Amino acid sequence: MRVRLADLAALVGGELVGDPDAVVSRIGSLQDADGATVAFLAHARYASQLASTQAACVIVSPAMREPAAARGATIICDDPYLAFARLTQWWARQVRPLPAPGAHATAHVEPGAAVHASAAIGPFALIGAGARVEAGAVIEAHCIVGAYAHVGEGTRLKPRVTLSDGCRIGSRGLVHSGAVIGADGFGFAPSQGRWEKIEQLGAVRIGDDVEIGANTCVDRGALEDTVLEDGVKLDNLVQIGHNVRVGAHSAFAGCVGVAGSAKIGRHCTAGGGAIILGHLELVDHVHITAATVVTRSILKPGQYSGAFPFDDNASWEKNAATLRQLYSLRERVRALEKRP
Amino acid sequence: MRVRLADLAALVGGELVGDPDAVVSRIGSLQDADGATVAFLAHARYASQLASTQAACVIVSPAMREPAAARGATIICDDPYLAFARLTQWWARQVRPLPAPGAHATAHVEPGAAVHASAAIGPFALIGAGARVEAGAVIEAHCIVGAYAHVGEGTRLKPRVTLSDGCRIGSRGLVHSGAVIGADGFGFAPSQGRWEKIEQLGAVRIGDDVEIGANTCVDRGALEDTVLEDGVKLDNLVQIGHNVRVGAHSAFAGCVGVAGSAKIGRHCTAGGGAIILGHLELVDHVHITAATVVTRSILKPGQYSGAFPFDDNASWEKNAATLRQLYSLRERVRALEKRP
Amino acid sequence: MRVRLADLAALVGGELVGDPDAVVSRIGSLQDADGATVAFLAHARYASQLASTQAACVIVSPAMREPAAARGATIICDDPYLAFARLTQWWARQVRPLPAPGAHATAHVEPGAAVHASAAIGPFALIGAGARVEAGAVIEAHCIVGAYAHVGEGTRLKPRVTLSDGCRIGSRGLVHSGAVIGADGFGFAPSQGRWEKIEQLGAVRIGDDVEIGANTCVDRGALEDTVLEDGVKLDNLVQIGHNVRVGAHSAFAGCVGVAGSAKIGRHCTAGGGAIILGHLELVDHVHITAATVVTRSILKPGQYSGAFPFDDNASWEKNAATLRQLYSLRERVRALEKRP
C-alpha cells in the first residue's frame with residue numbers, strides 16, 4: 001500500500017497542508033509512527049505527542065492546525081477520529097479483497113436455499129433449506145445458516161458462525177467467529193424438583209449495520225422474538241437472553257450479560273462485564289460502567305456504576321469484613337446521635 | 001398449525017370451558033395474544049391482563065376459573081406454567097420434525113465408531129473411533145464426537161458442539177452450539193517462574209436429562225472425572241472447571257463460573273454472572289443471587305447474595321471512596337462510643 | 001498402562017524406597033488411590049492422608065521421607081507437585097498417541113499454504129493461502145488457520161479453533177476448542193449517534209509455550225498487534241481486547257476480561273471473573289483475586305482484591321442498602337466527632 005497525501009486528504013474530506021505527492025504506506029499511532037506513517041490526533045490530551053511523532057502526516061482538527069502544520073504535513077478535518085475510522089475502512093478494502101462470489105466446492109447448500117449469485121459461501125459452510133442469502137453477503141468457512149434463516153445484503157459472517165433456523169440478520173452486518181445466534185433461551189418450569197423444558201418457539205431478529213463479537217450468544221425468544229435493532233454493536237463473549245430487545249445504536253463491551261426480557265433503550269452503552277438482570281427496562285441514553293450489576297430499571301438517562309473499589313488485599317480484607325457489619329455500624333451511629 | 005381446544009385440553013390434562021371445536025394456531029403471552037392464540041396465566045400478578053387479553057383461550061389455575069371463564073374459552077389445570085411448558089414441547093414436535101436417521105453424505109464416521117441405525121449424523125459432523133451414539137440421538141452439523149465418547153439415547157447435540165475424547169453424556173440431553181465438553185482443566189505446577197502443564201487425565205461424565213447452553217465449557221478432570229448429575233441445566237457461556245461436581249437438578253444461568261473441584265449440591269441455582277470459587281462445597285438447595293461471588297463453603301440451604309448496589313455515578317463515586325475507609329470509620333465509631 | 005516403580009523414580013528424577021519391580025497402573029490422589037495407584041503429597045496440609053491412603057507408592061518431599069517410607073513404597077524428590085506434573089505428561093504421551101502426519105482426506109489446504117510434512121491436519125480443517133504450519137504441529141478437526149497465519153513447531157490446535165488471517169502462534173503451544181484468535185477488536189468512532197467502524201488492521205502475535213482455553217477470545221489489534229508473550233496461560237472464556245500485551249508467564253483463570261490496550265506485566269495472575277479495564281498498566285508480579293475489577297494501574301507488585309463479601313440474602317440486603325448511604329454515614333460520624 002502506497003497512498004499520496006493528496007489522495008488521503010480527498011478520502012477523508014480534509015484540507016492538506018504539505019506536499020500532495022508525498023506518500024505514506026501505513027496507518028499508525030502518533031507514538032509508533034515512522035516516516036511512512038499517517039497518524040491522527042483524536043484527543044487534546046495526546047497533543048504533547050505532536051511535537052515528538054515521526055509521522056509523515058498527521059490528521060488533526062482545525063484547533064490544532066498551527067502546531068501540526070509547524071511540524072510537517074497535516075490534514076485538517078472536523079473530526080479526526082471519524083476520519084481515521086473512514087481511512088481504516090478504505091485501507092481494509094484495499095488490503096483485504098472480498099472472496100469471489102459463488103459457493104466453495106466443499107460447501108453444502110441444501111435444495112431450496114436461495115443464495116444470490118453475488119454472495120460468497122466458504123469452505124465447509126452449510127446453508128439450510130429455505131434459507132436466503134442476499135446480494136453481496138459473505139458466508140465464511142464453517143458457518144451454519146439454518147433452515148429458513150435470512151442473511152441481508154452485504155452482511156458478512158466470519159468463519160464458524162451459527163445463525164440458527166428461522167433467525168434473521170439485516171444488511172451490512174458483521175458477525176465474528178464462534179457467535180451463536182438463536183440457541184434456545186433458558187426457560188424451564190419447575191415440577192416436583194425437576195425442570196420441565198419450555199421450548200423456545202421464537203427466533204432472533206437483527207437489524208441493519210449490526211456487529212456481533214466472537215463467541216457472543218443471542219438466544220431465540222420463548223414465544224416472541226429476541227430483537228437487536230439497527231446499528232447495535234456487541235463485543236465478544238456477550239450473552240443476550242431470550243426476548244431481550246436492544247435499542248438502535250446501543251453498544252455493549254466484552255463479557256456483558258443481559259438476562260431474559262430486558263428492554264434496553266437506544267444509544268445505551270455497557271462497559272465490560274456488566275450484568276443487566278431480566279425483565280428490566282433501561283431508557284435511551286443510559287450508560288452502565290464496566291462490571292456494574294443492574295438490579296432494577298433505569299428510567300433516567302445518565303451514567304450508572306457499581307463496582308467494588310479494589311484495594312491491596314490486606315486493606316480489602318479489613319474493609320470487606322467491616323462491610324458485613326455495616327448495617328449494625330449505622331445503628332451504632334444512630335445510638336451515638338441520640339446521646340444527649 | 002391448527003389445534004382444536006378439545007385437543008389442547010387433553011394435551012395438558014386440563015378441563016375445557018368453552019367450544020371444543022374452536023381452533024388456535026399460535027401460543028402467545030396474554031399481552032401479545034390475538035384471536036388465534038392460546039395464552040396462559042402463570043402468576044397471580046398478571047391477573048389484571050386477563051380482562052384485556054385478546055386470546056382465543058387462556059390456561060389458568062382453578063383459583064382463576066371464574067374471571068377466566070367470564071371472558072371466554074378457558075382451560076383449567078393445576079399448574080398452568082407446567083401445562084404451558086408441556087404445550088410448547090408438543091408444539092415444537094409438530095413444527096420442527098427431527099432429521100432423518102443415518103449419516104449425511106458429508107459427515108465423517110471413523111471406523112470402529114458405533115452409531116445406532118436410528119441416530120442422525122449431520123453435515124460435516126465427525127464421529128471418532130470407538131465412539132458410541134445411541135438410538136435416536138441427533139448429532140447435528142459440524143459436531144465433533146471424540147474417540148471413545150458416548151452419546152446416550154435421544155440426546156441431541158445442536159450444530160457445532162465438541163464432545164471430547166472419552167467424555168459421556170446420558171439420555172435425553174440437549175447441548176447447544178459452541179459448547180465444549182472436555183477441554184483440559186486449567187492445571188499447572190509452578191517451576192522456576194514458569195508453568196509446567198499437568199495433563200488432564202480425567203474426563204467429563206454427564207447424566208440424563210441435562211441441558212448445556214451455547215458456548216458453555218465443561219472441563220475434563222485432572223485425575224478423576226468432572227461430573228454433571230441428572231437433570232442439570234446450564235445456560236450459555238458458563239464455565240465449569242475440572243473436577244467440579246454439580247448435583248442433580250441444579251441450574252446455572254448465563255455467564256456463571258465454577259472453579260475447579262467445587263462440589264455443588266442438588267437442587268441448587270445460581271443467577272447470571274455468579275462466581276463460585278474452587279474447592280468449596282455447597283449443600284443441597286442453595287440459591288446464589290446473580291453476580292454474587294461465593295468465596296467460602298455454604299453448609300446451610302438458603303438464598304445468598306453479594307452484588308454491589310449500583311447507583312448513579314456521582315453517588316457511587318462518593319460511597320465507593322468512603323468504602324475504602326470503612327474499617328477506619330468503624331474505629332472512629334468505636335472511639336466515639338468510648339467517650340464518656 | 002503398567003509401570004515399574006524403578007522406572008517411575010527414574011522418570012521423575014527421584015529416589016525410590018521400596019520394591020523396584022512393583023507395578024502401578026494409575027495416577028491418583030491420596031484419597032482415591034487403590035493398590036495399583038501412584039499418588040503424591042504436594043502440600044503439608046494433606047500429610048494426614050498419608051497414613052490412610054491405599055496407594056501403592058507415594059511421591060513425597062525429603063521432609064516427609066520417614067512417615068512415607070513407614071507406610072510403604074515411596075519416591076522422594078524435591079518438588080513432588082512438579083514431579084506429578086511431569087508424570088502426567090509422560091502418562092499422556094503413552095495413552096494418547098499423536099495423530100499421524102499428513103492431511104486428512106476431508107481437510108482443505110489452499111494452494112500456497114506451507115504445511116510441514118510432519119504436521120497433522122485433521123478432518124474438515126482449513127488451511128488458508130500463504131499460511132505456514134511448522135514441523136510436528138497438529139491442527140485438529142474443524143480448525144481454521146487463516147491466510148498468512150503461522151503455527152509454530154509442535155503447537156497443537158484442538159478441534160474447532162480459529163486462528164485468523166495473519167495471526168501467529170509460536171512453538172509448543174496448545175489452543176483448546178472454540179478459541180478465536182484474531183477476531184476484530186471492538187473499535188468504533190461515534191458519529192451523529194451512530195458507530196463508525198474502525199477496521200482492525202493489526203493482528204495477534206503469540207509467543208512460545210502458550211496455552212489458550214476453550215472459547216477464549218484474543219482480538220486482533222487496531223493498528224499494532226495484540227501480544228501474548230512466552231509461557232502465557234489463559235483458561236476458558238477469557239476475553240483479551242485489542243492491543244493488550246500480556247507479559248511472559250502470566251496466567252488468567254476462567255472468565256477473566258482484559259479491555260483494550262491494557263499492559264500486563266510478567267508473572268502476573270488473575271483469578272476467575274476478574275476484569276481489567278482498558279489502557280491500564282500492571283507491573284510484573286501483580287496478582288488479582290477472583291472477581292476483582294481493576295479500575296486503575298497497579299505499579300507495585302502484590303495481591304489486590306475487590307469482591308463484595310457475600311452473605312445470606314437478608315443480611316446482604318440490609319448492608320447493601322446501608323452502603324448506598326455510606327458517604328452520609330461518614331458525614332454523620334464527622335459531625336459526632338465535632339461535638340464537644
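A residue counts as buried under 20% relative accessible area, as exposed over 50%, and as partly exposed in between (1.4 Å probe, protein chains only). By this rule Ala85(B) is buried, because its relative accessible area is 0%. The model is predicted: local features need pLDDT of at least 70, side-chain atom pairs count only at pLDDT 80 or more, and totals for chains, interfaces and linings use all residues. Residues are numbered from 1 along each chain as its sequence is written, chains are lettered from A and ligands numbered from 1 in the order in which they are written, and side-chain values use heavy atoms, with hydrogens and water left out.

Ala85(B) lies in helix H4 of chain B. Helices (H or I, at least four residues) and strands (E, at least two) are DSSP runs, numbered from the N terminus. The expected span of a helix is 1.5 Å times one less than its number of residues. For the 16 residues of H4 (residues 80–95) of chain B this should give 22 Å, and the end C-alpha atoms are 22 Å apart, which agrees. Several residues of H4(B) are buried, among them Pro80(B), Leu82(B), Phe84(B), Trp90(B) and Trp91(B).

Contact means heavy atoms within 4.5 Å. Leaving aside neighbours within four places in sequence, Ala85(B) is in contact with Ala189(A), Glu196(A), Lys197(A) and Ile198(A). The C-alpha atoms of Ala85(B) and Pro101(B) are separated by 27 Å, at 16 residues apart along the chain.

The interface of chain A and chain C was examined next. The size of an interface is often given as the accessible area lost when the parts come together. Buried area is the accessible area (1.4 Å probe) that two parts lose on being put together, summed over both. Chain A and chain C bury about 5,800 Å² between them, with 62% of it on carbon and sulfur atoms. In chain A, Arg160(A), Phe310(A) and Arg324(A) lose the most area to chain C, together 14% of what that side buries. The contact takes 69 residues from chain A and 74 residues from chain C.

A polar contact is a pair of N or O atoms within 3.5 Å; within protein, one must be able to donate a hydrogen and the other to accept it, and residues adjacent in sequence count only if both atoms are side-chain atoms. Between chain A and chain C, 32 residue pairs are in polar contact (both at pLDDT 80 or more). H4(A) gives the largest share of the side of chain A that touches chain C, nine residues.

Side chains of opposite charge can pair when their charged atoms come close. A salt bridge is a side-chain nitrogen of Lys or Arg within 4 Å of a carboxyl oxygen of Asp or Glu. Six salt bridges are found across the interface of chain A and chain C. One joins Glu196(C) to Arg86(A), with the closest N and O atoms 3.3 Å apart.

Over all chains the count comes to 57 salt bridges. In chain B, Arg156(B) and Glu140(B) meet in one (2.6 Å, N to O). Arg156(B) lies in strand S17 (residues 156–157) and Glu140(B) in the loop between strand S14 (138–139) and strand S15 (144–145), so the pair ties together parts 16 residues apart in sequence. Glu140(B) counts as buried, at 14% relative accessibility. Arg156(B) is partly exposed, at 21%. Glu140(B) also forms a salt bridge with Lys158(B) (3.5 Å, N to O).
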